[in-house]
Every structure is written in C-alpha cells, then in structure tokens.
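User: I have a model open and would like to go through it with you. Could we start with the strands and then move on to the rest?

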Amino acid sequence: MAHKVIISGGGTGGHIFPAIAIANALKRLQPDVEILFVGANGRMEMERVPAAGYEIVGLDIQGIDRKSLVKNLGLPFKMLDSLLKARRLIKSFKADVAVGVGGYASGPLLMMANALGLPTLIQEQNSYAGVTNKRLGRKASKICVAYEGMDKFFPAQKILLTGNPIRRSSVQIEGREREGLASFGLQEGKKTLLVTGGSLGAKTLNDCVLAGLDSFVEQDIQVIWQCGSYYYEALKNTLVDRLPANVVLLPFLQRMDYAYAAADFVVSRAGAGTISELCAVGKPVILVPSPNVAEDHQTKNAKALVSKDAAILVSDISARTNLVDTIISLANDEAKCFELSEQISKLAMLDADETIAKEVLKLIR
Ligand SMILES: CC(=O)N[C@H]1[C@@H](OP(=O)(O)OP(=O)(O)OC[C@H]2O[C@@H](n3ccc(=O)[nH]c3=O)[C@H](O)[C@@H]2O)O[C@H](CO)[C@@H](O)[C@@H]1O
C-alpha cells in the first residue's frame, strides 16, 4: 500500500519552500507516496503549494497578534477548532507520518499527530528554535536541523544535522548567467547586484536601494531589486519615469535560479532558506538580518556565517547609513568577493531534501 505523508506548516516562503523540497524528494524516492499538505487559511502556502502540484487543506489558525490583544481573544477557539480539524484530516487521510516545517499550521497538526501516536518529524530551518518547535520537539521522533549546537533546544539523540532542504531548481545556475541576465533585460559584462528581502520583501532594504540609486548608476552597477509584493505598487509609483535603466524592480522572483545566476553579489535578509541557497550557489553576500523576527533568529543565522568569514553583516539599524557604501566597496573588491564566495560554498549542504525524505520513510517502516 502507498505510504501517506502529511506535511504541515507555512506562513512564509521560508517554511513553504523547504516543505515542497521535501515533498519533491519523497516523490523522487518513492513515486507512489501520497502527500497532503496542511496550511493556514489566507497564508501564502494556500497558493504556492497547489502551484507546485500538491493538494493542501487550510486550518483557521493565526499567530499571536502582539500589537492588538483584542484580536487574540478568539485564538483559543481557533486552536481548538484547528486541533479537531487536524484530527479529522489525519484520520481520513490515514496518514503514516506527519512532518512539521514551522509556521502556524504545524503546531496543531503535529500536536494532534503526537496525541494519536503517529511518528512525527520536525524540520527546523533556523539556528534558533522557536517556542512551538521546541515544544513539538519533546515528542517528535526526529528533528532535522541546519545548524550546529541545536541540542540547546532539542533532545540531542533525536537531532540530525541535514541542512535546509532547498528546491533544486532554484540553485541550478551552472551556465545560466547569460540566460539569467537576458530574462531581466540586463547586459552582460557589467557588475550585477541582486537585492532580496526574502519571500515577503524588506522595507529597510527597499529604503536603502532607493537612496542608493544614483550611486549604483554612477558605479555602473546593475540591480535586480526584489522588493516584496507588499511594497511593490508604492515603489513603482514613486519611481515612475525615474527608475534607472540598470535597475529592475520586481515584487517577487519566480525564477530564483535566473536571479542567482545573473548576480555577481547579493544583498539579502538572513532568512534560513535564502542563506542555504546562497551557500549552494556560492555568491558573495551582505546580510542585513530582519529585527522583526522571533528571538532575533536572523542575526543568529547571519552570525553563523560571519564567524566563518562566509558573509558580511550589516545590522538593520545601521543599514541606512552603511549599506550603500558597503555594497560599493564590495563591488570594487574582487579579492573579498572571491574569499566570501569560497567560504560560503564550503557551507553548502545540497542533499538535505533527500536525507530528510529518507528519514520520513524510515519512520513509517
Ligand atoms: C520575516 C520572516 O518571518 N522571515 C522568516 C522566513 O523568511 P522568508 O520567508 O523570507 O524565507 P527564507 O529567506 O528562509 O526563504 C525565502 C524563500 O523564498 C524564495 N524566494 C524569495 C524571494 C523571491 O522573490 N522569490 C523566491 O522564490 C527563496 O528562493 C527562498 O527559498 O522564514 C525563514 C525560515 O524559517 C526565517 O529564517 C525568516 O526569519
């Protein structure tokens, strides 16, 4: 009989894309495996997962709103409702195993899977585990992590250092530079910078790029500027008639492989998935960690690289004064670019998707 795997979680690309990478690897290893995704209604996974060819069911669950306590009043009811729906889903799908990748839906789904005695696997992308994953870790059968030292958060005997699963298509850049540049309408032979604010975009990076446009023109640096869907319209309107020809402004990059292939160097938030991809493509990067994430985990992600001379860190608070200068000095420092590229490549863990998929299948057996 075909094995049945439930994969739950989402909220942002940082949780969704690893989940899809695990699903793809499961399918490669065992083509008749049946996979059901469980996400949170209204969140990005409800679009991205079907686009990747998988079925998804949504739970009515949300995170704690730290700004408005009133909005949290309904949370216990939503949690209860989600737990009951998770129970129905696990039973009707006849799941053999549940995988949690973090994000709102993985809490109730994995809690219920544990209560029903199903084996569970957690994939923690960051170098710092959040509250939900720490709690789920106590009962999980296996915990796949991407950074060393995670026994601070999880029982050591359950941990497996696998790296973050990445979509293989997003890092296949060999021989694609010309195609990548052409897809953005950019020229060959010029320095090209990719700016990415993670799956949602980043206001600090957008403000810095906006302020640096004249400098980039002056330095003849081409820019692929992924600003995030939320910020796109306002930026497009601000820049109407004055977006330099060497700058391409986009809300979201459908082809990360093209962007990575075209770029000589990168400025990025320090989301765990983007970092894992940057290790795989070996591009020099300046990381500007988001200060708006739980336990400041992006700074910890970034420092794990900086401690190995594999990235430059500019804090969010100093970015408005320092980032453009740091970009320009890196653009003109070939030796530094070379060193960063060498060091970051050493951290690549390319088979995380299959290693994790094998662990999932082992739990069934
Ligand atoms: C604000 C926030 O909560 N950020 C978190 C979120 O980041 P975020 O959702 O930004 O995720 P990551 O940086 O980990 O990964 C982004 C993913 O989106 C893809 N991508 C991105 C931009 C684009 O235009 N096109 C595209 O396809 C990238 O290729 C990558 O696979 O999850 C990460 C993993 O748990 C965390 O480390 C981050 O702190």
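This is a predicted model: local features need pLDDT of at least 70, side-chain atom pairs count only at pLDDT 80 or more; totals for chains, interfaces and linings use all residues.

User: Which residue is the bridge partner of Lys-191 in β9?

Analyst: Lys-191 has Ile-221 as its bridge partner in β9.

User: What is the strand order of the open sheet of six strands?

Analyst: The order is β10-β9-β8-β11-β12-β13, and the pairing is parallel.

User: Why is one side of β10 and of β13 left without a neighbour in the sheet?

Analyst: β10 (247-250) and β13 (312-313) stand at the edges with a single partner strand each, so one side of each has no neighbour in the sheet.

User: Which strands does α8 touch when it packs on the sheet?

Analyst: Helix α8 touches β8, β9, β10 and β11 (265-268). The direction of α8 makes about 160° with that of β9.

User: Staying with α8, how is it placed against α13?

Analyst: The axes of α8 (residues 203-218) and α13 (residues 316-331) come within 9 Å and cross at roughly 40°. The crossing of α8 past α13 is right-handed.

User: Which residues meet there, α8 against α13?

Analyst: From α8, the residues are Thr-204, Asp-207, Cys-208, Ala-211, Gly-212 and Ser-215. They meet Asp-316, Ala-319, Arg-320, Leu-323, Val-324, Ile-327 and Ile-328 of α13. By class, the residues of this contact are seven nonpolar, three polar and three charged.

User: Now the other sheet. In what order do its seven strands come?

Analyst: This open sheet has the order β3-β2-β1-β4-β5-β6-β7, with parallel pairing. Its edge strands are β3 (55-59) and β7 (159-161), each of which pairs on one side only. On average, neighbouring strands of this sheet are turned by 25° against each other, direction ignored.

User: And how many bridges join β6 to β7?

Analyst: Three bridges join β6 (residues 142-145) to β7, and the two strands run parallel. Val-145 stands opposite Leu-161 in β7.

User: What about helices on that sheet?

Analyst: Helix α1 (residues 13-29) packs on the sheet and touches β1 (4-8), β2 (34-40), β4 (97-100) and β5 (120-124). The direction of α1 makes about 165° with that of β1. Helix α4 (residues 106-115) also packs on the sheet, touching β1, β2, β3, β4 and β5. The direction of α4 makes about 150° with that of β4.

User: Changing topic: how is the chain divided into domains?

Analyst: The domain assignment gives domain 1 (4-166 + 351-364) and domain 2 (169-345). Their C-alpha centres lie 29 Å apart.

User: How many residues are in contact between domain 1 and domain 2?

Analyst: On the domain 1 side there are 15 residues, in contact with 17 residues of domain 2. The side of domain 1 that touches domain 2 has six nonpolar and nine polar residues, with no charged residues.

User: Finally, the ligand. Which residues are closest to it?

Analyst: Among the 27 residues that surround the ligand, the closest are Gly-13, Gly-14, Gly-198, Gly-271 and Gly-273. By class, the shell has seven nonpolar, 18 polar and two charged residues.

User: Where do the shell residues come from, by helix and by domain?

Analyst: Helices α1, α11 (272-281) and α12 (297-306) each supply at least two residues of the shell. Domain 1 and domain 2 each contribute at least three residues to the shell.

Key
Residues are numbered from 1 along each chain as its sequence is written. Axes are lines fitted to C-alpha atoms, for helices over the stretch in contact, and angles run from 0 to 180 degrees between N-to-C directions. Helices (H or I, at least four residues) and strands (E, at least two) are DSSP runs, numbered from the N terminus. A crossing is left-handed if the near helix is turned anticlockwise from the far one by less than a right angle, and right-handed if clockwise. Two residues are in contact if their C-beta atoms, placed from the backbone, lie within 7 Å. Ala, Val, Leu, Ile, Met, Phe, Trp, Tyr, Cys and Pro count as nonpolar, Asp, Glu, Lys and Arg as charged, and the others, Gly among them, as polar. Two strands pair if DSSP finds at least two bridges between them. A residue is near a molecule or strand if its C-beta atom, placed from the backbone, lies within 6 Å of it. Domain bounds come from an automatic or database domain assignment.
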